[in-house]
Amino acid sequence: MTKTNVTRRQMLKTAAAASLATTGPWWLVRGSHGARAKKLVFWQLPNFTPLADQLQKEQVYEFAKSAGLKESEVEYATVANEGFAEKLAAALEAGNPPDVARLYESNVQFYAAQGHLLDVTDLVDKMRREPKGIFDSSLTAVRYNGRAYGVPLAVNPWPVHARIDLLEQHKLDYPKTWDEFIETCRKIQSPPRLFGFGMCLGLVEDTTDNVMNLLWCYGGKMVEADNKTVVMNSPENAAGVKVIEAMFRTHKIIPQGTIGWDNSGNNKAYQSRQAAFVMNPTSIYAYLNQSDPDLQKRTGLFPVPAGPKGTVNLIDTWAFGAFKQNPYPELARGLISHFMQPANYDKIIQSTGGRWVPVYKRLFDSPFWKSKPEFKHFVGMAETGMPVSYAGSPTPAAGEVLNTHVIPKMIQRVLVDNWEPPRALEECHRRIEEVYARNLKL
Amino acid sequence: MPRTTSGTRRLFRWIGNGLLLVMLVWTLVPFYWMIATSLKADREIYGFEATLVPHHPTLAAYVRLFQQTPFLKYVRNSTIIAVSTTAVSLVFGCLGAYALARLRFRGRRLIARGLVFTYLVPPSLLFIPLFAMMSALSLADTHQGLILAYLGFTVPFCTWLLMGYFRSVPLELEEAALVDGCTRLGALIRVVLPMSLPALAVVAFFSFTQAWNEFLYANVFVNSVEVRTITTGLTMFIIEDVFFWGPMMGAAFLSALPPLVVYLIFQRWVVKGLTLGAVKG
Amino acid sequence: MTSGVDPALLYPDERAVATPVLRARRRLSLTRRHEARLAYALLLPVLLVILGLVAYPFVSAVYLSLQNKPVGARGHFVGLANYVELFRDEVFFQTVRNTIVYTTVGVSLKFVLGLTMALILDQKRRFNNVFRMLLFIPWAVPVVIAALNWRWIFDDLSGFLNNFLITVGLTRDIISWLADPRLAMGCVIAVVVWQGTPFYTMTFLAGLQAIPHELYEAAEIDGASVVRQFVHITVPRLRTIFLTTVMLSTIWTATNLQFVLILTRGGPANRTEIFPHLAYVTALGARRLGMGAAVSLAFFPLLVILIILLTRRMLSQTDD
């Protein structure tokens, strides 16, 4: 009997030790805060300049103070771009999304369709009433069924970043057409040190953007304006794909490695002076502003060259969205309004050094935008730019096509598997049709 | 005869030295590249001007790391989380492994096998339900929440590995201890554990590095600087589609140091475990 | 009393013959009655962890795979429709093949390199401790960072590898490491091996050090060659550790997302598409959680069979 008792006592002792060891960490870090005692949660993606981050943070607390919130009731979280999709998905599934977040257009569309976002049409209307108004091209990205579910925070054009010093050196002008573009690239490139065109062809979003922009110039498109009829397997698209194939294989102005690039690939190629032309948002320009002013001086930002069907520039849109779960929707809307007050807004936009093109037209009158010749095409691009799903508008289906790299896979079928363009386009067409059909059912 | 053996031994020693050299190069070159990158200015990082050795080494990346980011806070958080995870996993693992290795009961095989199956479920499938659970328990965005989540992948491993080692401890030694009046748990603590020090060192090191290096859960669960760990802090140097390689690699290099220190500490145990085992065995 | 106990332990008059040995034996038998209870008590924390943190989410994932469920929306039960859609997709079978190649080659290389390293580090050598530490570095670098760093090394234009090869004159052209369909999988595996080998080295080394030296000394006296010693002493003693390590590493390799996600994203043209990545793109790119779960679970059977085979040998080997 006594012996069993010993065992039991020993067991108790061990259990105590185990539970102490287990709960130890709890007690040690008990002070750290719990989940959601906050009234206003803002998710911020890191900006290019620390100054912009600083300003944004100040504005959040400024607003909180004016709304009578204590600092402890505000959560300002900087959230990395890497892994953002996981984070937002988990937060929504747990019913605990942020109140306000900076969202890419495909996220605005998708979560608007799910009914997760607050209707902010009134805020957008207020912005449109500002003198000169805003660029309407940015509104398609936030509109869902005629209402706005996000406030466009900037227009994001995709100009061609071009090495004007190299053009000057070879006494060439910036090419007007794709044919000229190819010729120009062949003249100025000297592989492997310098390639003509750093076109992104990897399995990433940039590839869809680069490829579609070129296809448009040849009369191609992804979907009709009804956002239902997929037209990927068109002869126009095939013609455009053939041009890409020729640039890659015959003219060799695109480095072979672009098949493996990620979104940063064309940035790196340009920043390292190994590509004369790249199509990318102005993140490259903003980077140079901060880290390589010498190269920035040699850089021009131009519209995309024209094809047989003219030219059009791609734009996409970032927006502030407010999630509905928030018990204090007025705070969320107030914060967005505060950010978008032209004076506050202008400060942040300018602090990013050319990264964001302001959504308010009249801000272009300021000396900042007048001072540099490379900005002169921005207004035109912002006026006429098209979303990647052109002729369709941004929709949840278009977002899925972008996120699952359907179009990059098509181009890799041609360039890696040696499929004929029509065959690759046929496969791509089927996949996109499936995506659109499924999303329509939702 | 012995002479030929020692001859072969010498031969093997030299082959060993050669292979060791090859492996050191293979292992260290990428690590070197990381350090070299952290000491370069951007002009040297990119392109054909990219130099194999930094020509103008600069500590700018580290200055940025310490002055403009809460790097030390990240280090603190990672330490709290990794150390706690290790401690808890060791306790849980030892108790569970002893039961599985030495005690007879229904469901033993099932549980032992179940341990392995837990790893089949990829974290990329688990993080959503787990996060929902943590939110419900108000543990999202806390150190505790992450520690708890990490136990999910350290405890099964610790238990499983220790189970294997405990079994290799001669039963007679334990019986002798029981003869001397030890209880089961006394035997575990006084006989089995000291003989399993190498295994304990391995699982401790494993738990520590797993918790230290984890990214997915840390990213999903944590919003605030007060809880953010190094791995997720590092990705703040990826802004949109631009990588700030210098500070990112600097931070990566620094973040690799603590696991190495921990390894150094535990490595002494491995040797001690060896000598203890030799004395007792 | 307890069945299945050695009759000698149930000696009728315990007190009369209470020599120390018998008393201990008797205690063994007595505790054996409580053995199960003790075992469950000791296992309780482990079981809680497994049930709460793995089993529950797992079951919910299985249920999820039977639904059409977009992120943030309510799911609809669709039976096996997700699996049917998956099995109709030719990319799925390419993914199966890729995953098997990637896992088998990766694990084999890690095993060979890990064992070699453990044996070498087990030799007596000056500064061995330093070498041990240096060889563990890859394990100490977070996977995300290791993958990013390697991506940077493989970079076609600015990468260390091309830079080095061109500088020493081994090649004049740029090699597109991650874009060339013949090289991409090899590159991914190389990174997996680089990062994972230390785990093998570490566990094998710990196993080697637990082998009593006397065994080798005795074999030496008997004139056994080094190779014979390795085959007859080292390998049998390490067998359990071999199995455990290979099994765990197989699972980790096959379910690791980060390397492919950062290095190739399944490219070029699906050449490196593996299950965890396909599941990731489906669940978070397309935001189809149900389908993503189905992709993850579709690879289960293969791994389950593998584990059953390995664990059966392991458990039966030590049960007697």
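Predicted model: local features only at pLDDT ≥ 70, side-chain atom pairs only at ≥ 80, totals over all residues.
**Entry 1, one residue.** I looked up what Q412(A) touches and, leaving aside its neighbours within four places in sequence, found it in contact with I259(A), G267(C), P268(C) and A269(C). Contact here means that the C-beta atoms of two residues, placed from the backbone, lie within 7 Å. Residues are numbered from 1 along each chain as its sequence is written, while chains are lettered from A and ligands numbered from 1 in the order in which they are written.

Where does Q412(A) sit? I found its place in helix 18 (residues 406–415) of chain A. Helices (H or I, at least four residues) and strands (E, at least two) are DSSP runs, numbered from the N terminus.

Is Q412(A) buried or exposed? It is buried, because 26 other C-beta atoms lie within 10 Å. The cut-offs, with C-beta atoms placed from the backbone, are 20 or more other C-beta atoms within 10 Å for buried, 12 or fewer for exposed, and in between for partly exposed. I also checked L203(A): it is 209 residues from Q412(A) in sequence, yet the two are 8.5 Å apart in space, C-alpha to C-alpha.

I counted 19 helices and 11 strands in chain A. Its C-alpha trace spans about 95 × 60 × 50 Å along the principal axes. Of the 442 residues in chain A, 55% are buried. For contacts with a separation of 6 or more, I noted that 77% join residues 24 or more positions apart.

I see 11 residues of domain 1 of chain A in contact with 14 residues of domain 2 of chain A. On the domain 1 side I get two nonpolar, seven polar and two charged residues. For these classes, Ala, Val, Leu, Ile, Met, Phe, Trp, Tyr, Cys and Pro count as nonpolar, Asp, Glu, Lys and Arg as charged, and the others, Gly among them, as polar.

How many residues of chain B are in contact with chain C? I got 88 residues of chain B, meeting 87 residues of chain C. Helix 1 (residues 2–38) of chain B gives the largest share of the chain B side, 17 residues. By class, that side has 59 nonpolar, 20 polar and nine charged residues.

Chain B is split into domain 1 (1–58) and domain 2 (70–280). I read 30 Å between the centres of these two domains of chain B, over C-alpha atoms. Their contact takes seven residues from domain 1 of chain B and six residues from domain 2 of chain B. Helix 1 of chain B gives the most to the domain 1 side, with four residues. That side has three nonpolar, two polar and two charged residues.

Notes
Domains from an automatic or database assignment.
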